[in-house]
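Here are my notes on this one, as promised. I've kept them to the points I'd look at with the viewer open.

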Amino acid sequence: MENRFVVKGNIYSSRTEKEIAVWENAYLLAEDGKVSGIFSYLPEQYQGLPCTDYGDAMIIPGMTDLHLHAPQYSFRGTNMDMELLDWLNTNTFPEESKYRDMDYAERGYTAFSEDLKYSGTTRAVIFATIHREATTLLMEKLEESGLCTYVGKVNMDRNSPDYLCERSAEESLESTRAWLRSIEGRFRRTLPILTPRFTPSCTDALMKGLGKLRGELSLPVQSHLSENVSEIAWVRELCPWSGCYGDTYDRFGLLRGAVMAHCVHSSEEEIALLKRTDAFIAHCPQSNTNLASGIAPIRRYLSQGLNVGLGTDVAGGANLSMFRAAADAIAVSKLRWRIQDQSLSPLSFPEAFYLATRGGGRFFGEVGRLEAGYEADFLVLREKKRSVRTQSPLERLEQFFYLAEENGGISAKYVQGRKLFG
């Protein structure tokens, strides 16, 4: 039976990277999980369909979080005075080791999945831990939430504490294969993604095995790249054969189309490699600030036609808010322009909106835009109170992004045409 319905409100969607289209008091038609059209007046043949009138509310595409760590959700906002490698050893690795305990994993992943469901995120690319049973539990909870996600069992076989390190490349690969066998055919909306944590924690043998596994199963890949200067120096010591950090993934067939978080300090060689392999950059501005990693040159990446989206990088980032991620992307681009490189102009609000919606959504296909043929993922925004001044539609949307946690929320959320709440 067809799932056909209409919603009415003020509809926003990126027309291009730099332009947001607005349809005021318009109708959005959804059929079988996809957008079929937007109309100023509802055509007669659709007037008998169920219609929810959201009045003067703003309706925007769902947002894609390209990079976050589910097991880190419990310690977000703590020990933010450390740089990346110290922060990993102090916060991340001890916490992730607790997910060998399924009771702990149940509590941690329940809180994470419930909060993600009620956030502005409709799709996400997520790291779990090395523990395959807990990773499957996370997938079960996300499937139940109604969100569309990729989830990865993490691989790490070197330079990690004994309590959170797989004993060999062979053990790591077999555990990954066992996890993939155990979930085969079980989920519709929650899919697996290969997840080498980052080059320092993965031997060449493990990377080679993951590349072979990717070739066999045609799975996507997620990892980290050029986040921190000390990390990059470490990679250079570990892989003296590589031309750049990105080469340590590409050599084993793990870079093409992959999501690479951060890319704060990518060299010209690495930028060319990212473009050639059609990889996705997950820009995580709050995390890069909290962990003193730097500011990624997003203007350069956009001008060269690279795939760029946004990530919260919980718990390097302190919250799940994609509204905050978009506002932070603008803010840090201004700082980079002012104090580091005035040849790269700051991001505009329409560009940040694009990154949060269509930019990251492209990793999932026809996602992140409200136009015919795209997945019917959208948010109905709730403003607690409106400004006393007269605002244009775009000023109203921009203000919501900056004030979302203070002066608003989400009235309803739809993913693939299914209402998750509201």
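1. A term to start with: a residue counts as buried under 20% relative accessible area, as exposed over 50%, and as partly exposed in between. Ala 292 has 48% relative accessibility, so it falls in the partly exposed class. Keep in mind that this is a predicted model.

2. Staying with Ala 292, look at its backbone. Its phi is positive, about 55°, although the residue is not a glycine. Ala 292 sits in the loop between α9 (285-290) and α10. For background, most residues other than glycine have a negative phi, and most peptide bonds are trans.

3. You'll find Asp 278 in the loop between α8 (268-276) and β13 (280-283). With a relative accessible area of 44%, Asp 278 is partly exposed, because that value lies between the 20% and 50% limits.

4. Which peptide bond is cis, with omega near 10°? That would be the one from Val 314 to Ala 315. Ala 315 is placed in the loop between β14 (307-310) and α11. Val 314 turns up again below, as a contact of His 69.

5. On to the empty space. Rolling a probe the size of a water molecule over the atoms shows where empty space is left. The count here is four cavities of 30 Å³ or more.

6. What lines the largest cavity? The residues are His 69, Gln 72, Leu 84, Trp 87, Leu 88, Arg 197, Phe 198, His 224, Glu 227, His 262, Leu 291 and Asp 313. By class, that lining has five nonpolar, four polar and three charged residues. Helix α1 (residues 84-97) gives the most to it, with three residues.

7. His 69, one of the residues lining the largest cavity, deserves a paragraph. It is found in strand β5 (residues 63-69). Buried or exposed? His 69 counts as buried, because its relative accessibility is 3%. Its side chain makes a polar contact of 3.3 Å with the side chain of His 67. Leaving out residues up to four places away in sequence, His 69 touches Glu 96, Phe 127, Arg 197, His 224, Asp 313 and Val 314. Arg 197, His 224 and Asp 313 are also among the residues that line the largest cavity.

8. The second largest cavity is lined by 14 residues, and those nearest its centre are Ala 296, Ile 298, Arg 299, Ser 333 and Arg 336. Two elements give two or more residues to this lining, α10 (298-303) and α11 (322-339). Helix α11 gives the most, with five residues. The lining divides into nine nonpolar, three polar and two charged residues.

9. Both of those helices have a residue I'd click on. In α11, take Ala 329, which is buried because its relative accessibility is 1%. Apart from neighbours within four places in sequence, Ala 329 is in contact with His 283, Pro 285, Leu 310 and Leu 347.

10. In α10, take Leu 302. Its relative accessible area is 9%, so Leu 302 is buried. Setting aside residues up to four places away in sequence, Leu 302 touches Glu 17, Val 308, Leu 347 and Leu 355. Leu 347 is a contact of Ala 329 as well. From Leu 302 to Tyr 118, 184 residues apart along the chain, the C-alpha separation is 30 Å.

11. Last, the nonpolar cores. The largest one has 101 residues, and Phe 112, Ile 126, Phe 323 and Leu 397 have the most contacts inside it. Not counting residues up to four places away in sequence, Ile 126 touches Leu 68, Ala 70, Phe 112, Leu 116, Leu 138, Leu 142, Thr 149, Tyr 150, Val 151, Gly 152 and Gln 222. There is also a second, separate core of 17 residues, including Leu 28, Ala 30, Val 35 and Ala 57.

Conventions
Residues numbered from 1 in each chain as written. Predicted model: local features only at pLDDT ≥ 70, side-chain atom pairs only at ≥ 80, totals over all residues. Heavy atoms only, no water. 1 Å grid on protein atoms, 1.4 Å probe; cavity = no way out; pocket = protein on both sides within 12 Å on 5 of 7 lines; lining within 4 Å. Points joined across faces, edges and corners; volume = space filled by probe spheres on them. Helix = DSSP H or I, 4+ residues; strand = E, 2+ residues; numbered from the N terminus. Nonpolar A, V, L, I, M, F, W, Y, C, P; charged D, E, K, R; others polar. Core = buried A, V, L, I, M, F, W, Y, C linked by side-chain atoms within 4.5 Å. Buried < 20%, exposed > 50% of the residue type's maximum accessible area, 1.4 Å probe, protein only. Contact = heavy atoms within 4.5 Å. Polar contact = N/O pair within 3.5 Å; in protein donor to acceptor, adjacent residues only side chain to side chain.
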